[in-house]
Amino acid sequence: MSAAGSRPREGRTLVAGVGNIFLGDDGFGVEVVRRLDPANLPGEVDVADYGIRGLHLAFALLDGRYDTVILVDALPSDEPPGTLTVLRPEVGDAPTGDAAAVVDAHGMSPDVVLRLVRDLGGEIGQVVVVGCRPAVVADRMELSGAVRAAVDGAVDLIGDILRHPRLVGAGHGM
């Protein structure tokens, strides 16, 4: 029996900010979740800053509490810095690997976290990634102007996704 199967799903959504605040725009996800106001979100939504603690995020997803996870992170793309993208990856399509080989508590990217959850027997219903193209990923503790300007748009976008989940089509950007 999988970890998710040992406990009934509770219909909850986790909005998880990930990234390293010491690497400039890589801290995008952390800043977005910091600005989300729980009073403006549905009651079944949890918001958490996981920063670079990918292993903790994986364990939070293993217990089957969440039907949906919205990961907020800096994402590479061909678009200009500050461009927001929404993806709905198919977790089941990711290649599996040796779970022990991918575990780095301070350096796990969201795709590695999701693969680890699956490799450890967990199930994740729906995954949405809200990403922003970074301009500067270097030793600094502030977002670039382009990414800073995108934070409020990301907050609004997450609110829209939570209120209208059909806005997100599989594999399409917004």
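Good morning. Please keep in mind throughout that the structure before you is a predicted model.

I begin with the chain as a whole. Its secondary structure amounts to five helices and five strands. The chain has 174 residues, and 47% of them count as buried. As for contacts, consider those with a separation of 6 or more: residues 24 or more positions apart account for 79% of them.

Let me turn to strand β1, which spans residues 12-18. How many of its residues are buried? The count is seven of seven, and the strand is accordingly described as mostly covered. In a regular strand, side chains alternate between the two faces of the sheet. For β1, one side carries Arg 12, Leu 14, Ala 16 and Val 18, while Thr 13, Val 15 and Gly 17 lie on the other, and both faces are covered.

Which strands does β1 pair with? One partner is strand β3, residues 66-74, joined to β1 in parallel by six bridges. Within that pairing, Gly 17 has Val 72 as its bridge partner. Another partner is strand β2, residues 45-51, again parallel and again with six bridges. There, Val 18 is bridged to Gly 51.

I move now to the helices. Two packed helices are described by the angle between their axes and the distance between the axes. For helix α2, residues 54-62, and helix α4, residues 110-119, the axes come within 9 Å and cross at roughly 40°. Because angles under 35 degrees would count as roughly parallel and those from 65 to 115 as roughly perpendicular, α2 and α4 are classed as oblique to each other. Their crossing is right-handed. From α2, the contact involves Gly 54, Leu 55, Leu 57, Ala 58, Leu 61 and Leu 62, and from α4 it involves Val 113, Leu 114, Leu 116 and Val 117. By type, nine of these residues are nonpolar, one is polar and none is charged.

Finally, I draw your attention to Gly 131, in strand β5, residues 126-132. Is Gly 131 buried or exposed? Its relative accessibility is 0%, so Gly 131 counts as buried. Beyond its neighbours within four places in sequence, Gly 131 is in contact with Phe 28, Asp 73, Leu 75, Thr 83, Leu 84 and Thr 85.

Thank you for your attention.

Key. Residues numbered from 1 in each chain as written. Predicted model: local features only at pLDDT ≥ 70, side-chain atom pairs only at ≥ 80, totals over all residues. Heavy atoms only, no water. Axes fitted to C-alpha atoms, helices over the stretch in contact; angles between N-to-C directions. Helix = DSSP H or I, 4+ residues; strand = E, 2+ residues; numbered from the N terminus. Parallel < 35°, antiparallel > 145°, perpendicular 65-115°, else oblique. Left-handed = near helix turned anticlockwise from the far one by under 90°. Contact = heavy atoms within 4.5 Å. Nonpolar A, V, L, I, M, F, W, Y, C, P; charged D, E, K, R; others polar. Buried < 20%, exposed > 50% of the residue type's maximum accessible area, 1.4 Å probe, protein only. Pairing = 2+ DSSP bridges.
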